Amino acid sequence: MYLSRYKSNLPTSSILIFYLILIFSKEVYAKKIYIEIERSSKGKYFQTAKKATDIDREIDFISHDSCKLGKPLDLWPESGENQRWLLEGNGNNNVYIKADTGCSENLERWISHAGTCESDFVDLWHSAGVNQEFELVDAPSIRDRGESGEFRYQDGKMVCLKAASKGKNATDCPRFISYGEDKQISLSTRCDENSAFRLLDENSPKTCEYRALSFNAEGNKVDLWKAFGENQTFSLHKLSDGLYRIAALLDEQESANNPYLSYSLDPDDTSLGLSYDAGENTVFSFALESGVLAPAKLANGYLIAYNRNDSSQRYVSATGDCGDGGLSLQSAHEADKLNIFTHERAKFRQGIAVNTLLKPITNEEGVAEYPHCPDPFIIDSGESYYLTCASYNGIKLYKTEELTNALGYEDVGWMVPEYFYGKNFGRSPEFTYPYNGTIDDENRHWANCQQRWASETIKLGDDDYMLMFSSPEAKRCAPIEAEHDQRYIYIGRHRIGVVFSQEGLAPNKFEYVSDFTIDLGNYHSGEIDPNVYQENGKFYLTWKQENNHCFDPATLNHQYGDEKDCGGSDGNEASRETAIMMQEITIDVENRVVSVVDGTRKALLRSGHNLWEDSWIANGSLIEGPEIIKHGGYYYLFYASGRFCTESYAQNVARSRNLYGPYETHSVPFLHSALLPKDANRGKKLLKGPGHAGFVQDRETGDWYTVFHASDDDLSCTTVSAVSQLNIHAERRRAYMGKLSWKNGWPKVQGKDFIH
């Protein structure tokens with residue numbers, strides 16, 4: 001039983017802790033810290049690259065049957081001790097693949113192949129020799145090529161396992177470990193999608209979920225849990241240089257009655273617990289391995305039971321398999337590193353704040369109001385910079401000649417008209433609902449609905465532009481008589497469609513709306529947040545597969561029939577994970593048609609790589625709003641994570657040398673609440689939740705800039721707007737800008753580089 005599962009989701013009042021901020025003081029060192037344990041195991045998993053039709057199932061790993069000799073290897077749907085392997089080098093760039101656990105010392109086992117080209121048998125052997133030698137062949141080009149809509153994840157390095165030795169007749173016969181529908185392992189002649197594996201570390205977040213130091217609701221036990229939340233919130237109390245006590249914050253409150261992380265002074269007892277007495281067995285030291293003990297810097301190191309004998313086990317570490325959630329003290333050579341995060345705000349020097357990016361509008365009372373701008377996207381037309389803002393009531397266009405215009409971008413009008421050649425488009429700029437029917441109206445168009453989100457504009461020629469956005473699909477919008485019915489507030493499954501302009505990037509010129517949304521698999525969950533990356537004359541569409549948003553019949557949102565499910569354990573359940581997908585597309589400008597290229601759909605990244613990625617789904621993680629840029633030989637995949645109306649919402653980044661991945665996620669967010677300056681235009685209001693960022697290069701300097709939205713810190717997730725009937729954060733997110741700098745191949749925005 002896991003002790004800390006009772007309160008694992010981040011509540012509104014418990015904001016996510018991102019970076020270690022160690023501010024020296026007499027008593028409390030930093031409040032509300034979270035501690036992540038990195039397992040030090042060298043174990044590897046080989047995950048199949050085969051086709052799959054959902055997210056949470058059919059993820060198979062090479063497996064053995066408790067080290068039995070002569071029994072063929074097969075696949076198993078979960079990672080555990082019989083699926084974990086060690087790679088042993090043999091001095092000539094090849095490896096032996098040894099079963100890591102589940103075998104006693106006298107039962108050491110290695111993956112083995114037959115010494116002849118005529119046999120495709122793969123099993124275990126009791127020693128490492130010629131027939132146990134394999135070459136790891138890189139296979140970055142292998143991607144899923146199955147039916148439309150299939151999910152697969154490229155979280156690890158893609159390899160094929162080639163039998164390195166030659167057959168008895170000295171014939172060089174390429175033989176690769178392969179798998180089929182029967183889940184049996186054998187050898188084949190090709191390195192393809194049926195013989196490729198993702199090489200995953202045992203301590204990868206995707207194979208080892210239990211990493212967050214946690215305590216139970218009664219405050220008397222500690223273990224590891226899957227996510228940061230109430231029962232993972234501690235505070236660090238400084239005693240003297242290098243020495244601290246760590247208090248479990250019961251109910252997230254600092255109190256003299258909170259227990260301390262504790263250990264036994266008995267050298268034979270390696271357990272950890274909680275103690276209400278501040279004795280010598282509650283004193284720890286933190287050995288810094290990397291990072292800087294200063295605001296907004298990640299620190300990584302070891303947590304040491306200071307008062308235990310030097311020869312005893314003193315290092316706080318995870319124990320057992322990844323699914324155990326165990327915790328104990330280990331010796332130095334077995335110790336696990338820790339990351340410590342906090343939400344405490346960075347202290348910017350006097351005068352640093354950030355400007356609202358849009359020019360203010362003076363209302364009837366003569367007060368300057370700064371427009372809202374959810375999901376901002378920025379584009380350089382070659383003459384001016386344009387910013388689009390999506391919302392429940394339309395898509396606005398803003399313009400500036402100077403990228404970092406401190407006076408603000410100017411409102412130039414609505415991008416989309418009310419009607420498209422007889423197609424009733426939906427909400428007009430005057431906030432009316434020109435609906436002509438009911439929810440069953442067969443003629444209702446996909447774009448004829450409120451909530452046009454994540455608009456992005458692509459330049460296709462001198463005067464040719466394409467606008468993309470997400471909208472609830474046809475026949476799922478509220479009839480006019482029910483426009484304020486709460487059941488329709490988040491009314492449906494989003495799909496992505498396009499609108500074309502042949503008269504430049506200007507208001508009301510996007511007149512050619514597609515008859516249908518883009519077929520991206522037509523999954524039950526829907527698609528949202530489109531972005532197009534262009535390279536070598538090709539177009540690559542990325543989007544969020546909205547697996548966290550499934551549909552309930554009670555809210556009129558459920559779709560019946562043989563629909564593909566959302567990836568949860570039940571076909572009608574939302575998934576604990578979301579995915580960033582990529583699909584190559586073609587764009588026919590003349591005929592204004594977007595088509596998908598068969599066999600190119602790929603999941604670039606799934607959520608859950610970082611503990612700060614929370615979700616609306618219990619114990620889940622959420623990523624969204626992707627955008628790809630290229631810089632210095634890397635493809636950078638930027639994406640937002642968490643719940644958009646909380647301080648846990650953040651902008652993240654992953655990178656890869658290949659467009660299709662695999663993508664390596666950064667260990668800290670790119671933008672987050674702790675590093676946001678205050679709003680310079682509105683009385684130095686505190687901001688939170690930066691995300692859904694857009695990116696553009698200054699055409700004069702080549703410098704990269706980001707534009708992102710954030711909301712006021714004092715807004716609640718539960719507040720509903722009287723105008724739109726939506727969560728107030730949906731309309732009260734404003735746009736801000738910062739300049740990117742680069743360190744060790746990773747982007748960041750320093751305090752001085754926010755546009756202010």
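Tutor: Two strands pair if DSSP finds at least two bridges between them. Strands themselves are DSSP E runs of at least two residues, numbered from the N terminus. This is a predicted model, where local features need pLDDT of at least 70 and side-chain atom pairs count only at pLDDT 80 or more, while totals for chains, interfaces and linings use all residues. Residues are numbered from 1 along each chain as its sequence is written, and side-chain values use heavy atoms, with hydrogens and water left out.

Student: What is the order of the open sheet of three strands?

Tutor: The order is 46-47-48, and the pairing is antiparallel. Strand 46 (687–697) and strand 48 (734–739) are the edges, each pairing on one side only. Seven bridges join strand 46 to strand 47 (residues 704–712).

Student: What is the order of the open sheet of four strands?

Tutor: It runs 42-43-44-45, with antiparallel pairing. Strand 42 (623–631) and strand 45 (664–665) are its edges. Strand 43 (residues 634–641) pairs with strand 44 (residues 650–656) over seven bridges. There, F638 stands opposite V653 of strand 44.

Student: Where are the backbone exceptions?

Tutor: Most residues other than glycine have a negative phi, and most peptide bonds are trans. Here G661 and P662 are joined by a cis peptide bond, with omega about 10 degrees. P662 is in the loop between strand 44 and strand 45. D529 has a positive phi, near 65 degrees, and is found in strand 37 (residues 527–535). R592 also has a positive phi, about 55 degrees. R592 lies in the loop between strand 39 (579–588) and strand 40 (593–596).

Student: How many disulfides does the structure hold?

Tutor: A disulfide is a covalent bond between the sulfur atoms of two cysteines. The cut-off used is a sulfur pair within 2.5 Å. The structure holds three. The sulfur atoms of C160 and C191 are 2.0 Å apart. The S-S torsion of that pair is about 80 degrees, so the link is right-handed. C160 is buried at 0%; C191 is partly exposed at 29%.

The sulfur atoms of C373 and C389 are 1.9 Å apart. Their torsion is about -85 degrees, so this disulfide is left-handed. C645 and C717 have an S to S distance of 2.1 Å. With 105 degrees about the S-S bond, their link is right-handed. C645 lies in the loop between strand 43 and strand 44, and C717 in the loop between strand 47 and strand 48, so the pair ties together parts 72 residues apart in sequence.

Student: Which residues touch the most other members of the largest nonpolar core?

Tutor: In soluble globular proteins, nonpolar side chains tend to be buried together. A nonpolar core is a set of buried Ala, Val, Leu, Ile, Met, Phe, Trp, Tyr and Cys residues joined through side-chain atoms within 4.5 Å. The largest one has 31 residues, and L272, F284, L303, V316 and L327 touch the most other members. Strand 17 (residues 243–248) gives the most to this core, four residues. Another core lies apart, with 27 residues, including I62, I97, C160 and L187.

Note on methods: Buried means under 20% relative accessible area, exposed over 50%, partly exposed in between (1.4 Å probe, protein chains only).
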